[in-house]
Amino acid sequence: MKLTTELLLRHDRPGPRYTSYPTAVDFTEEFDQDRYGASLDSAAANVDGPLSLYVHLPFCEARCSFCACHVVVTKSKSVAEAYLGRIGREAALVAERLGGRRRLVQYHWGGGTPTHYDLDALLELHATILGDFELADDAEVALEVDPRVTTKDHLAGLRQVGFNRISLGVQDLDPDVQRLIGRDQTLEQTVDLHEAARRLGYRSVNFDLIYGLPGQSADTLGETLEEVIRLEPDRLAVYSFAYVPWMRPSQKRLDATLLPGTEAKFAMLAQVVSTLTDAGYRHIGMDHFAVASDELAMAAEAGTLTRNFMGYTTKRDTDVVALGTSGISDVSGAYAQNHRRLASYYEAVDAGQLPTERGYLLDEDDMVRRHVITELMCNQRIDFDAVGRRFSIDALAYFDLELEILAGAGGLVEDGMCRIEGNVLGTSELGSFFVRSLAAVFDAHTGHRPTDRPVFSRTV
């Protein structure tokens, strides 16, 4: 890969991760519970359409200083348990609007730390939700776990009621790095929980790692990767550390002088890719890897991979309903985000209202651009003929300006990030590292976002 310092500095700039398009920064409070309700009513008409359900369980006993997730820190079980009843009420509100559309092809618990709760509370929550929804026979039923607080009883009980996928938060195994980020997690805790998941028959195990953390070096990262490869998880999500102290005040506790510089961080990314691909993993997307026999790897090979708020998936064109604080639904061409403040979320649900704080209704241009950006982020290419057929447009003409920017002097084609051959745009090996920058060319909202304050993390 021909990467110069100049190219790295030019393209490693703040930008969206494009978990959604338009991004959450573009959501507005003008989109309220009535508009979300209308989107659910519209989705109800598509009775046989695929449906995904995400449940956000935000409680943690302590906050890791690197974390940029929406969490609520408490050691009080009673405070956390009051939340579960509201999840059940919200599930009933949403199910009522969806009418007969209740069959889930994808069901995911995230956090926070879902296993902050004891097993009985989680089983009761699961039973409550399945009182309003049902699982398809081949549904993905997944949860995120923290090996420091998750017990083997947790895994056994949840496996018995249908959970079949699990994601372990690991981040880094070096004790010094862990100390700097406020996360004390032994290798033995990770190994024991992974082995228990395998024995219990979880058919897919993912590890979450992060590169670019304070105190990390090529040597410490290499040792973590070596230990992880030895355990043979099916999937790995290796995220670039998003240093966003303006959004997450807890990150102000980190010593910024210990963060790897731009070139060192990119070298870590290259190290991750080369180490994992040499070990037999396929680099399937921006920061995800899977063994060749995994369905994500096969979908990436076939060019059918897609992505939603729960990550990379093979479940295409699903409506996504989210329950709990900060959860973002993607239904009938609209995004709806729940209240982030716990008190506001409780107030709305207790009043029998959908707890929508803000959202966004996509127009026709947004739908076209969302599809194009998703194809780039998932399958590393855009077939403009296929885009034209899908949306009944002349796609090359539609994106004439964007293609001119890419192919012009100093553009991403010239820099070796992508190539345009006929009616197909594809990323290069180098460009796959900068796919967020490529996607940003097709983002029509860029000029309308605030520029007087930081918004996004850096792309590498």
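**Figure 1. The loop between β4 and α4 in the predicted model.** G112 is placed in the loop that runs between β4 (103–111) and α4 (119–129). The model shown in this and the following views is predicted. The peptide bond leading from G111 to G112 is cis, and its omega is near 15 degrees. Most peptide bonds are trans.

Figure 2. Between Y21 and P22 the peptide bond is cis, with omega near -10 degrees. P22 belongs to the loop between α1 (5–11) and α2 (33–44).

**Figure 3. Packing of helices α5 and α7.** Two packed helices are described by the angle between their axes and the distance between the axes. For helix α5 (residues 152–160) and helix α7 (residues 187–200), the angle is about 25 degrees and the axes are 10 Å apart. Because angles under 35 degrees count as roughly parallel, α5 is roughly parallel to α7. The crossing of α5 and α7 is right-handed. On the α5 side the contact is made by K152, L155, A156 and R159, and on the α7 side by D192, L193, A196, A197, R199 and L200. Six residues of this contact are nonpolar and four are charged, with no polar residue present.

Figure 4. Strand β15 (residues 334–338) is mostly covered, five of its five residues being buried. The cover extends to both faces: A334, A336 and N338 are buried on one side, and Y335 and Q337 are buried on the other. Strand β14 (residues 328–331) pairs with β15 in the antiparallel sense over four bridges, and S329 stands opposite A336 in β15. β14 and β15 form a hairpin with two residues between them, and S332 in the turn has a positive phi of about 50 degrees. Strand β16 (residues 356–361) runs antiparallel to β15 and is joined to β15 by five bridges. In this pairing A334 stands opposite L361 in β16.

Figure 5. Three strands make up an open sheet in the order β17-β19-β18, and their pairing is antiparallel. β17 (381–383) and β18 (418–421) stand at the edges with a single partner strand each, so one side of each has no neighbour in the sheet. Neighbouring strands of the sheet are turned against each other by 15 degrees on average, direction ignored. β18 pairs with strand β19 (residues 424–427) in the antiparallel sense over four bridges, and R419 stands opposite G426 in β19. Helix α12 (residues 364–379) packs on the sheet and touches β17 and β19, its direction making about 135 degrees with that of β17.

Figure 6. Most residues other than glycine have a negative phi. E232, although not a glycine, has a positive phi of about 60 degrees. E232 lies in the loop between α8 (218–231) and β8 (235–240), and E232 is exposed, with a relative accessible area of 57%. Q380 likewise is not a glycine and has a positive phi of about 60 degrees. Q380 lies in the loop between α12 and β17. At a relative accessibility of 18%, Q380 counts as buried, because the cut-off for a buried residue is under 20% relative accessible area.

Methods
Residues are numbered from 1 along each chain as its sequence is written. This is a predicted model: local features need pLDDT of at least 70, side-chain atom pairs count only at pLDDT 80 or more; totals for chains, interfaces and linings use all residues. Side-chain values use heavy atoms; hydrogens and water are left out. Two strands pair if DSSP finds at least two bridges between them. Axes are lines fitted to C-alpha atoms, for helices over the stretch in contact, and angles run from 0 to 180 degrees between N-to-C directions. Contact means heavy atoms within 4.5 Å. Angles under 35 degrees count as roughly parallel, over 145 as roughly antiparallel, 65 to 115 as roughly perpendicular and the rest as oblique. A crossing is left-handed if the near helix is turned anticlockwise from the far one by less than a right angle, and right-handed if clockwise. Ala, Val, Leu, Ile, Met, Phe, Trp, Tyr, Cys and Pro count as nonpolar, Asp, Glu, Lys and Arg as charged, and the others, Gly among them, as polar. Buried means under 20% relative accessible area, exposed over 50%, partly exposed in between (1.4 Å probe, protein chains only).
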